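The stops below follow charged side chains and what they pair with.

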Amino acid sequence: MHNFLFGVYPYIALTVLVVGSIARYERDPFTWKSSSSQLLRRKQLIAGSILFHVGVLTIFAGHFVGLLTPIALFDALGISHGAKQTLAIVAGGIAGIMALTGGAMLLHRRLTDPRIRATSSFADTGILVVLLVQLVLGISTIFVSLQHLDGHEMTKFMAWAQGIFTLQSNAASHIADVAWIFKIHLVLGLTIFVLFPFTRLVHMLSVPIRFLFRPGYQVVRSRRQSPLPPRKAAVTARSNLSKPAE
């Protein structure tokens, strides 16, 4: 089971993530959105959204750089494993608490407002719950990491992640003896990849870069120089035009 979860399942999750996202964009491009409800309880939405997105993006960037950067590069830069571990604990802990706080605010808003709840799908609420559970697991791993401040435990996850992306057949063996909470965290993270193409998370891939360079627009009610005729007069005029000539 260990070899399947950490040696095979990662490829299944990544394949579903890539192929599923492409298929959804090609087949149902109009569903590629986050279905905003920003007109309802706007203050709570803004505060929760900022905390959640900043926290999650910081965590994602930290995981991406921390796991996929070759260990030899850190060594060449003179960054010790212990320093890297400490940075991950501090930065990851702060970002995790931010994301968890913001996510809890968003979930509370979605569940307690009848209008928002009525327009929310099961996937909208479900994926937010899954992300919050993942954040709780991630923050909980800090207490285990504090027992390994030398950083050598982290190198096991780096070796595993890089082994997956370099197609090493023994990648799962690198994390065979890590704490169970890390394994649950990894499995749930891979499961989020599987769910990604089928939920609102796809909007993460839509970066509106073109909006930065588009020409400005001004919304106006009308460019008419004179007001429209009264409705009754307009209807009478149309009626006269429709009568046959005598």
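Select aspartate 113 first: this residue is buried, at 5% relative accessible area (buried is under 20%, exposed over 50%, partly exposed in between, with a 1.4 Å probe and protein chains only). The model is predicted, so local features need pLDDT of at least 70 and side-chain atom pairs pLDDT 80 or more, while totals for chains, interfaces and linings use all residues. Residues are numbered from 1 along each chain as its sequence is written, and side-chain values use heavy atoms, without hydrogens and water.

Aspartate 113 sits in the loop between helix H4 (81–112) and helix H5 (114–119); helices are DSSP runs of H or I with at least four residues, numbered from the N terminus.

The whole structure has four salt bridges.

Next, select arginine 200 and aspartate 124, whose side chains form a salt bridge at 3.3 Å, N to O. Arginine 200 is in the loop between helix H8 (180–195) and helix H9 (231–242), and aspartate 124 is in helix H6 (residues 122–145), 76 residues apart. Arginine 200 is buried at 17%, and aspartate 124 is buried at 11%.

Finish with lysine 156 and aspartate 177, a salt bridge with closest N and O atoms 3.3 Å apart. Lysine 156 is partly exposed at 23%, whereas aspartate 177 is exposed at 55%.

Conventions
Helix = DSSP H or I, 4+ residues; strand = E, 2+ residues; numbered from the N terminus.
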